[in-house]
Amino acid sequence: MTPPKKKATAKKAVAKKAAADKAARKKTTGKKAEADKAAGEKTASRKTRAEETSPAGATEAAAGKGAATDPLSLPADADPKATEPEAKAATAAAAAAGKGAATDPLSLPADAGPEAAKPEAKAATAAAAAAGKGAATDPLSLPADADPKATEPEAKAATAAAAAAGKGAATEPVGLPVDAGPEGEADAGLATDPVVGPDAVLDPAVGPADRERLLHGSHHDPHSVLGAHPVPGGVVFRALRPYARSVTVLAGDLRAELHDDGDGFFSGLLPLAKVPVHRLLVTYESTTVETEDAYRFPPTLGDLDLHLIGEGRHEQLWTVLGARPTTHQGVSGTAFSVWAPNARGVRLAGTFNFWDGTGYPMRSLGSSGVWELFVPGIGEGELYKFDITRPDGSHTLRADPMARRTEVPPATSSIVHASHYEWGDEEWLARRAEIPVHEAPFSVYELHLASWRPGLTYRQLADQLPAYVRDLGFTHVELMPVAEHPFGGSWGYQVTGFYAPTARLGTPDDFKYLVDALHRAGVGVLMDWVPAHFPRDEWALAEFDGRPLYEHEDPLRAAHPDWGTLEFDFGRREVRNFLVANAVYWCEEFHIDGLRVDAVASMLYLDYSREPGQWTPNEHGGRENLDAVAFLQEMNATVYRRSPGVVTIAEESTAWDGVTRATHHAGPSGFGGLGFGLKWNMGWMHDSLEYMSHEPVHRRYHHHEMTFSMVYAYSENYVLPISHDEVVHGKRSLVSKMPGDWWQQRAALRAYLAFMWAHPGKQLLFMGQEFAQGAEWSEAHGPDWWLLDPAYGAEADHRGVRDLVRDLNTVYRAAPALWQLDTDPAGFQWVVGDAAEDNVFAFLRYDAEGSPLLSVSNLSPVVRHDYRLGAPDDVPAWHEVLNTDAAGYGGSGVAHPDPVKPEPQGHHGRPASVRLTLPPLATLWLRPA
């Protein structure tokens, strides 16, 4: 509606008060003493910023781009629907103040209509605009003796006129805080734009420099610009909400709509004495959302966390980096953080913002290289990535290196995850460390989870795998890499999600369920871990922030020559921390009992698979990768310190000295040990399989291939591995490596397995070999379980081999002589190791009490009757506890049903001897009767 016509005196008063502060001071009512008191209270309020907002304090703030933009700029007791002609005319005059005039509806009285521009109001507008470029724009610039509760029309008009400003008002933010306290107040830090004078009012809008950097994604400290910040004249609110129609600040009874500055920016200056705890009401085209302001929260990482990250010593790195659902200052949300020291800026993109990270810039936490943002209202299940601005200004969208859950490949997004699993394996963990692993039975069943029973999830596997492994008597399973990998054909050895179990089979909690089920079945869980290299996928770790970061900066050091991947920069503290913490993560979060570290040899040597000129010697002129040595030592020391009972196992194929020696014990090479608990005996595997592949008639010429391993058997703590690597890529399955017809192949396999179980060292057997699968393994279809179908004609042949494996493990676990002194030369003695013409191998194993077990292998296809072997004279009789030629296994049934008594005739350098009938292609185990 059009307000009534103003009186001439009122118009004149309004014009005078808008033109000069002196005229306004003359018209203001109130006593001098009261004015002095009000001025003192105003000064104290500015200094402390700790008192609650009061009606009087509400008049002490500036508004808009040089003009009053909120009804809150009116006196505290003013009626926003006042009908006095003078007040409405003054309001209209102030709102029309030149180019700096208010453009927000909040600058108009609540009942003002579009017809407010009567001649008198226009005259008042002109008067206010004529107040010059230096016109005061803050109610705080009112005279000291002004009565903030003045009700006279003239005083109200003067207040509104004084709140109007010209183009000369300050337009850049000042004194913007970096961090907000518990009440959202600023603690420290300044924005990049200039400071305004004490008598000017700043433009609340984001300045041009900050605006450009925020829109481009290259702002290092968006919290200093966005959010709420105390400034001279009140509190400035700024929001970046692309596609929003409007943004309104909600704080208690306050409801103030911010000005739309374009490009998704909204701002407003509210006359408040301190920063309130506030929320934002964001209106889009078809919906309105009430949410917390993400830019009012301090960082979720503390100084200690940042210090440890900088030092490369944060052993629980996953608790501070990545996506962590949490409650921060009483508000639920997700804390996002990522290490990207070379980035010019980082933004968060995901399903919650339609993959547009413009409105979610993250702040840099100084020299740590960490970027952080707490996003209220975001919870589990949301997909996200980091939108990183590279040093050259280009953008790259990256999955979270610390993601604890991922999409199912080939999708590549990270998923916000929090575990809710409750473990039930306390008894297992409590006794896990009772016996050192090298002095305990340790028989491992290696498998590829995705293909063991194709199509089963983690939870479905938990219903079958523990029972199967326990029935066969294995002490542990070893899982081929579980961490997320984009290409299934890599079998998991090209990892992109180091902290996430593969989503192909379920969620992280589902995987925990499987581990728990195995533990409750009495089966330990080892997993393959791949810290040597990573693939070059452009959404993952390669040049993560635009420059070499996780990989070495030297291209010759970075590129892995064999696999087309990138090697980690083990000399960089943060990268080493990423990997060490990852090892700890699997042990602590998933209760993994051991890590089999892949491709250790490729890490240890600078010239691994490289020709001369393709590598640079170390600082001593040698070929050893000193950074990798230090990393492996730190990893092992940290894991053993933090996780009692866990074992680390090295797949190391060279003669590196001290792989399983303690890190603080230096060897002949001058290095301390690498600190592993066990090492794969690749030499034994290669030599023994080579021997078995020969026709028996030719084995006499290769006898040493079965005996040479005892030359170095005690140089390390060994595992004897028949792994996946030996049954793929044209190498044939284990039974298919054996020469001869089908009967001879199975007999040789059975004899070989028993020889392996009796040999010093722990055992590992890959899935499918336990039932003599004839085909190579393929990750596409897994083991040939149909061979065990009773309807299959040869089922008994395969079942017999599996029955043997079960009995091997049963006798093995019950005979300490086969495992108690695996790393002690006192636990082994040759009986005959040079019977090359006979293809016979016989040796004694001893336990810690001196009790023996006699193992005899006849690897020729003929029965050897009355074969005399030297024996101890203190054993009155020997009892056959295992015979791989037993009819139940598919053998010929040549056996010793009765105890075998030694004879006083010495043989093989021993005071007594026994005469045995050696079955063809068979191994016998005998113990004291």
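Contact here means heavy atoms within 4.5 Å. This is a predicted model: local features need pLDDT of at least 70, side-chain atom pairs count only at pLDDT 80 or more, and totals for chains, interfaces and linings use all residues. Residues are numbered from 1 along each chain as its sequence is written, and side-chain values use heavy atoms, with hydrogens and water left out.

**Cores**

Leaving aside neighbours within four places in sequence, Phe 511 is in contact with Leu 449, Tyr 458, Leu 479, Val 482, Pro 501, Trp 586, Phe 590 and Ile 592. A nonpolar core is a set of buried Ala, Val, Leu, Ile, Met, Phe, Trp, Tyr and Cys residues joined through side-chain atoms within 4.5 Å. Buried means under 20% relative accessible area, exposed over 50%, and partly exposed in between (1.4 Å probe, protein chains only). The largest such core has 181 residues, of which Phe 336, Leu 449 and Phe 511 touch the most other members. A second, separate core holds 20 residues, including Ala 835 and Leu 916.

**Helix H8**

Helices (H or I, at least four residues) and strands (E, at least two) are DSSP runs, numbered from the N terminus. Helix H8 spans residues 303–311, and its buried residues are Asp 305, Leu 306 and Ile 309. They fall within an arc of 95° seen down the axis, so they line one face of H8. That arc is taken from the directions from the helix axis to the C-beta atoms. Asp 303 and Leu 304 are exposed on the face turned away from the buried side. Strand E13 (370–376) and helix H14 (573–589) are among the elements that cover the buried residues of H8. Just after H8, Gly 312 takes a positive phi of about 70°.

**An aromatic pair**

Rings of Phe, Tyr and Trp (its six-membered ring) pair if their centres lie within 6.5 Å; planes under 30 degrees apart count as stacked, over 60 as edge-to-face and the rest as tilted. By this rule there are 44 aromatic pairs. In one of them, Phe 297 and Phe 374 have ring centres 5.0 Å apart and planes at 70°, so the pair is edge-to-face. The two residues lie 77 residues apart in the chain.

Two strands pair if DSSP finds at least two bridges between them. Four strands form an open antiparallel sheet in the order E1-E2-E6-E5. Its edge strands are E1 (227–231) and E5 (259–262). E5 is joined to E6 (residues 265–270) by 3 bridges. Asp 260 has Phe 266 in E6 as its bridge partner.
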